[in-house]
Amino acid sequence: MTPEKHLILIVDDDATTANWLRNLLGRKGYEVMAASTGQEAIHLARSYSPDIIFLDLVLPDIDGLDVCTTLRNDPRTATSAIIMFTVRDRPEEISAGLQAGADDYVIKRPEAVGEILERLPSWLTESRATQFMGRGRMISFFSAKGGIGTSVLCINIAYALSKLVEPKSVAVADMVLPLGSIASMVNADVSTTVVRLTLEDRRPTRPMVGKYFVPLDLWNFRVLVGSKDPMEAQTMQVERVPAVFESLRASFDYLCVDFGKGLSKITLPLLQTSEAIVFVISPDLSTVKLSKTVLNFLHGIGITDAQLFPVLNRAVGREGLTKGQIENELGISIQGAIPYAHNNFTLSINQSRPYALQFPNDTPSMMLESMAEQLKSHVDKMIPR
Ligand SMILES: Nc1ncnc2c1ncn2[C@@H]1O[C@H](COP(=O)(O)OP(=O)(O)O)[C@@H](O)[C@H]1O
Ligand SMILES: [Mg+2]
């Protein structure tokens, strides 16, 4: 892409600043437009969808923060990189700017010219990258009770799926709060957790998100590890979670998310927007009862049977209810079942290896593979939400 193709909109009521910036960017070969009021800025931005918008906050008609919010919520300008360019330099002003949806914040001072020229290339890639938002399919893993294999199924199905869809990308994110377990299961000892990602003070973009995902050769997917200790989880910037997940989805073809038994204000909206919810059930009576309660709740909040993908995991032994009894009790049809595997799941996890690599000829390996196939066709035919 040649620089001439990029369009930059400068919004400033001060003609001196606007001309100075116009000359600077014009000399670099960018196409530049200018607006001196908020109204004009919104009109031009909607008509031309600029790659970058430099936005002064002090405008004669509308406050720059409101201009920013308006542009962010409009599909024609949602993918433009918005850079606040202003004299407002107090920390709370900067934070308000970023909260309003700006990608970056540059204070009007002599150093600004260096900052702008240095960051311009990344603003441009980010504005284009975000155009693919909403592309990926989200597969959530969820159960009514802990300890029944939700996390091991999440990573092992993600492994099978990644083999199936290659070269398409599969990623796993651990949203079990306040303490994730996937990092230890796949042996990813990193500090780039999902909690940290919510603490970034910029709108999450694909390049930023990419840095948080660790590639795992053995597992064939990338992983975003969960909270590393309950203390860390307390610091999560909850209102950032939806934007973070929007970016996660935009970054991969298939995103598998472990929610454990989390049904909170944070996780519910994410479950609701999943193309598939793998609902893990174990055959013991107490889990089945809890699963019934949870299913009623999920239906009540508008989650459909088309989203639900119930699986039976005999994590606790051979005893318990039969598949038919569980289906009767819950009024759903179970899509697949994993047999009791004695301590083989534990053995494979102790080695941080996919079950199918450790025990390729075991029944669970075949079941995991066929579940991944079913899930793939289940989510592929759904329109991403
Ligand atoms: N089908 C199975 N057969 C035998 N053990 C299993 C099976 N599924 C899971 N497990 C074991 O159950 C334990 C709990 O699994 P985990 O994924 O951590 O549960 P959860 O995420 O639901 O809390 C692990 O030790 C795992 O190895
Ligand atoms: Mg778990």
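## Basis of the description

Because the model is predicted, local features need pLDDT of at least 70 and side-chain atom pairs count only at pLDDT 80 or more, while totals for chains, interfaces and linings use all residues. Residues are numbered from 1 along each chain as its sequence is written, and chains are lettered from A and ligands numbered from 1 in the order in which they are written.

## The open sheet

Strands of a sheet pair through backbone hydrogen bonds, either parallel or antiparallel. In this model, an open sheet of 5 strands runs in the order E2-E1-E3-E4-E5 with parallel pairing; strands (E, at least two residues) and helices (H or I, at least four) are DSSP runs, numbered from the N terminus, and two strands pair if DSSP finds at least two bridges between them. The edges are formed by strand E2 (31-35) and strand E5 (104-107), each of which pairs on one side only. On average, neighbouring strands of this sheet are turned by 20 degrees against each other, with direction ignored (axes are lines fitted to C-alpha atoms, for helices over the stretch in contact, and angles run from 0 to 180 degrees between N-to-C directions).

Strand E4 (residues 81-86) pairs with E5 in the parallel sense over 4 bridges, and Met 84 has Tyr 105 in E5 as its bridge partner.

## Two nonpolar cores

In soluble globular proteins, nonpolar side chains tend to be buried together. A nonpolar core is here a set of buried Ala, Val, Leu, Ile, Met, Phe, Trp, Tyr and Cys residues joined through C-beta atoms within 7 Å; a residue is buried if 20 or more other C-beta atoms lie within 10 Å of its own, exposed if 12 or fewer, and partly exposed in between, with C-beta atoms placed from the backbone. The largest core has 73 residues, of which Ile 157, Cys 256 and Val 278 touch the most other members, and helix H6 (residues 150-165) gives the most to this core, with 9 residues. A second, separate core of 31 residues includes Ala 81, Phe 85, Leu 120 and Trp 123.

When residues up to four places away in sequence are left out, Cys 256 touches Ile 139, Phe 141, Cys 154, Ile 157, Ala 158, Val 170 and Val 172, where contact requires C-beta atoms, placed from the backbone, within 7 Å.

## Around ligand 1

There are 19 residues around ligand 1, and Gly 149, Thr 150, Ser 151, Ala 315 and Phe 345 come nearest; a residue is near a molecule if its C-beta atom, placed from the backbone, lies within 6 Å of it. Helices H6 and H15 (344-350) are the elements that give two or more residues to this shell.

Most residues other than glycine have a negative phi, and most peptide bonds are trans. In the loop between H6 and E7, where Pro 167 is placed, a cis peptide bond with omega of about 5 degrees joins Glu 166 and Pro 167. Lys 168 is found in the loop between H6 and strand E7 (170-174), and this residue counts as partly exposed because it has 13 C-beta neighbours inside 10 Å. Lys 168 and Asp 253 are 85 residues apart in sequence, yet 6.2 Å apart in space, C-alpha to C-alpha.

Asn 187, which is not a glycine, has a positive phi of about 60 degrees and lies in the loop between H7 and helix H8 (194-199). Ser 352 likewise has a positive phi, near 55 degrees, and it counts as partly exposed because it has 16 C-beta neighbours inside 10 Å.

Notes
Two residues are in contact if their C-beta atoms, placed from the backbone, lie within 7 Å.
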